[in-house]
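Please give a short briefing on this structure for someone who has not seen it before. Group the points by topic and keep them plain.

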Amino acid sequence: SLCRGHDSVSGLALGSGRGAFLRACFAETLLPVLWRDVLFLLKVVRYGVGLELSALTSSVCTVLERFIQQAQRIPDKPFVIFEGGVHTYRDIELRSNRLANVFLQSVGLKKGDCIALLMSNEPDFLCAWFGLAKVGCSVAFLNTNIRSRSLLHCFSCCGAKTLVVGSDLVASLDSILPSLLEDNIQVWAMTSHSENPQVHTLLDKIAGASDQPVPAELRATTSLKSPTLYIFTSGTTGLPKAAVITHLQSLKAAAGFWAFGATQEDVVYICLPLYHSAASLIGIGGTIKLGATCILKKKFSASQFWKDCRKHDVTVFQYIGELCRYLCNQPKTDEDKVHKVRMGVGNGLRQDVWREFHSRFGNVQMCEVYGSTEGNLCFMNHVGKIGTVGRSNFFYRYDLIKYDMVKDEPVTDQNGFCQRVERGETGLLLSKVSSTSPFFGYAGSKQLTEKKLMRNVFVKGDAYFNTGDLMAEDQEGFICFRDRVGDTFRWKGENVATTEVTETLGLVDFIQEVNVYGVEIQGHEGRAGMAAMIVRPGHTFDGKKLFEHVMREIPPYARPLFIRLQEVMEMTSTFKQQKFQLVRSGFNPATISDLLYVLDYPQESYIPLTDSIYQSIIAGERKL
């Protein structure tokens, strides 16, 4: 059968009597879904085959090439609407040409260079990205939340020797600018004037630059597997890792909206950060493929969202689970269902929020997508079944294996091989690595790339990408996300690497040992950061000092909300810190004898977590 979830159906005797009843049930419930699967798969497979054929004929049409084609085909159509300003396809094309000429003549870039881009959501993010791509440079998107040590690390990862920074983020470089200059990294800002002579300016040079295109051979590529971007991910451990994004991955992501049924008539609302793959590859790339219009927001605003949708006749929006919850938490109005939004594309939407969103805002088609930035597997829930990320079929080469949560490791048999779970059971999701589903890994570190792989899983010599996610497949083949394992959790739509937070907290003088993990909070997606720690002998816990350190060194989404003071740190049998029991015990002061503290912004300190504060958190009254 086409879908593994329908294996049992092939054995039905669809004749008279009981068979007729089963045939009727099949036609009513499974057959419509099956045909939707078939049509969707044919559409996606046809696109994939087209990509491979273009590679064989050395006529790779990249996302940039598609944009240039659209600028010629629909030059006057609005491409980006931002803060009231309308930027047509021609506008972005000409401005990116100007920037490309500046990058060649003033900055001295050449084909093959890697350039770091540190910018907030704005049209010039796209102009800089496209301008650099036109020169033949690969671009590393930097997370605007990351701080000093992590930011410096990003440059060594991808080998960038030039940084392009947005005007609103120049001041954030003050603490690391000397280190950047010491490493011979030139800094160019999207400003006309700079008080620091070592920070060069771009806007004044753009004004006098030619808007004629640079030579096409600079951007030309004959390989789908050539790197075009580096997008940083927390991954599983340590400092940010530069996931290699090839033209193949970019083109697949850009087809997402189209695969779900969007057209050039759609208006796409993008309020997620462009430095993430969702907004840049799926959002902007998808808008370009369609020849549609996007409404770009600097940041998400729950109170402004539906007003924007009505004002601009938005039909498609991108989301993460938290975004939809924030919308559901807004005061109800008579206009909740007065809009033209018909589709949402994103990930992490909880079942209860999904149902509430439908009930309140109408039957918007929610298209869940599952896949990591660097991964080689992507699930797409095109049928809209609530609570699932997609459906299995014979094109997906993946397995769910048994996983011991207490030992934090896969369960193996007597020969050391992993064991597959039964249908309906929860298991660790692995994706087979092959020539048709390659894993491109991380820039600058074969060790980190290798760490993400599991070898000799079922037989000697096989290799699988370890997603780090626990999933389950139901009897109909629908796949549900259950949890994350190991040293990563998600909060505020970001991956939090516990190792990096642990190392940063360990720099505080009164902390002897730290164990960072995520705890669930009722009514919130993901897990909030919590740190169990041992205070050094002769020292005392200082909430204000810890607060200052955390604010200075750790991005907002990764800051531990809760602290748990312990006398002894539990370890596993393999001498890893024990997280499982800590995660299960949560942060309830009524059930935990250890001293607990909570991050308090008004008091600028970590203060004792009392029962009343705990209750206010559970009731959703305290802002987190």
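Predicted model: local features only at pLDDT ≥ 70, side-chain atom pairs only at ≥ 80, totals over all residues.

Leaving aside neighbours within four places in sequence, which residues is Val433 in contact with? They are Asn376, Phe439, Leu453, Ala463, Tyr464 and Phe465.

- Val433 sits in the loop that runs between β20 (426-432) and α14 (446-451).
- With a relative accessible area of 24%, Val433 is partly exposed.
- Val433 and Gly159 are 274 residues apart in sequence, and their C-alpha atoms are 26 Å apart in space.
- Asp399 belongs to strand β17 (residues 398-401), and its relative accessibility of 13% counts as buried.
- Not counting residues up to four places away in sequence, Asp399 touches Arg420, Leu428, Leu429, Leu430, Phe458 and Tyr464.
- Tyr464 is also one of the contacts of Val433.
- Asp399 and Asp542 are 143 residues apart along the chain, with 47 Å separating their C-alpha atoms.

**Nonpolar cores**

- In soluble globular proteins, nonpolar side chains tend to be buried together.
- The largest nonpolar core has 102 residues, of which Phe79, Trp129, Phe130, Ile284, Phe317 and Phe357 touch the most other members.
- Helix α4 (residues 123-134) supplies the largest share of this core, 8 residues.
- A second, separate core holds 72 residues, among them Ala160, Ile185, Val516 and Ile521.
- Leaving aside neighbours within four places in sequence, Ile284 is in contact with Phe79, Leu126, Trp129, Phe130, Ile270, Leu274, Ala279 and Cys294.

**Helices packed against α10**

- Two packed helices are described by the angle between their axes and the distance between the axes.
- The axes of α4 and α10 are 13 Å apart and pack at an angle of about 80°, which means that α4 is roughly perpendicular to α10.
- Leu126, Trp129 and Phe130 of α4 make this contact with Ser280, Ile284 and Ile288 of α10.
- By class, the α4 contact with α10 has 5 nonpolar residues, 1 polar and no charged.
- Helix α8 (residues 247-254) also meets helix α10 (residues 277-290): their axes come within 7 Å and cross at roughly 70°, so α8 is roughly perpendicular to α10.
- On the α8 side the contact involves Ser250, Ala253 and Ala254, and on the α10 side Leu281, Ile282, Gly285, Gly286 and Lys289.
- The α8 contact with α10 divides into 4 nonpolar, 3 polar and 1 charged residues.

**Helices with one buried side**

- An α-helix has 3.6 residues a turn, so residues three or four places apart point the same way.
- In helix α2 (residues 63-73), the buried residues are Val63, Leu64, Phe67, Ile68, Gln70 and Ala71.
- These residues cover an arc of only 160° around the axis, so they are on the same side of α2.
- Packed against the buried residues of α2 are β1 (78-82), α3 (89-107), α4, α8 and α10.
- Helix α5 (residues 148-158) has Ser150, Leu151, Cys154, Phe155, Cys157 and Cys158 buried.
- Seen down the axis of α5, the buried residues fall within an arc of 160° and therefore line one face of the helix.
- Just after α5, Gly159 has a positive phi of about 75°.
- Helix α15 (residues 498-505) has Thr498, Glu500, Val501, Thr504 and Leu505 as its buried residues.
- Their arc around the axis is only 165°, which puts them on the same side of α15.
- The cover over the buried residues of α15 includes α5, β24 (488-491), β25 (494-497), β26 (511-519), β27 (528-535) and α16 (543-553).

**Positive phi in loops**

- Most residues other than glycine have a negative phi.
- Asn456, in the loop between β21 (453-455) and β22 (463-473), has a positive phi near 55°.
- Asn456 counts as partly exposed, at 32% relative accessibility.
- Lys492, in the loop between β24 and β25, also has a positive phi, near 55°.
- Lys492 is partly exposed, and its relative accessible area is 33%.

Key: Residues numbered from 1 in each chain as written. Heavy atoms only, no water. Axes fitted to C-alpha atoms, helices over the stretch in contact; angles between N-to-C directions. Helix = DSSP H or I, 4+ residues; strand = E, 2+ residues; numbered from the N terminus. Parallel < 35°, antiparallel > 145°, perpendicular 65-115°, else oblique. Contact = heavy atoms within 4.5 Å. Nonpolar A, V, L, I, M, F, W, Y, C, P; charged D, E, K, R; others polar. Buried < 20%, exposed > 50% of the residue type's maximum accessible area, 1.4 Å probe, protein only. Arc of directions from axis to C-beta. Core = buried A, V, L, I, M, F, W, Y, C linked by side-chain atoms within 4.5 Å.
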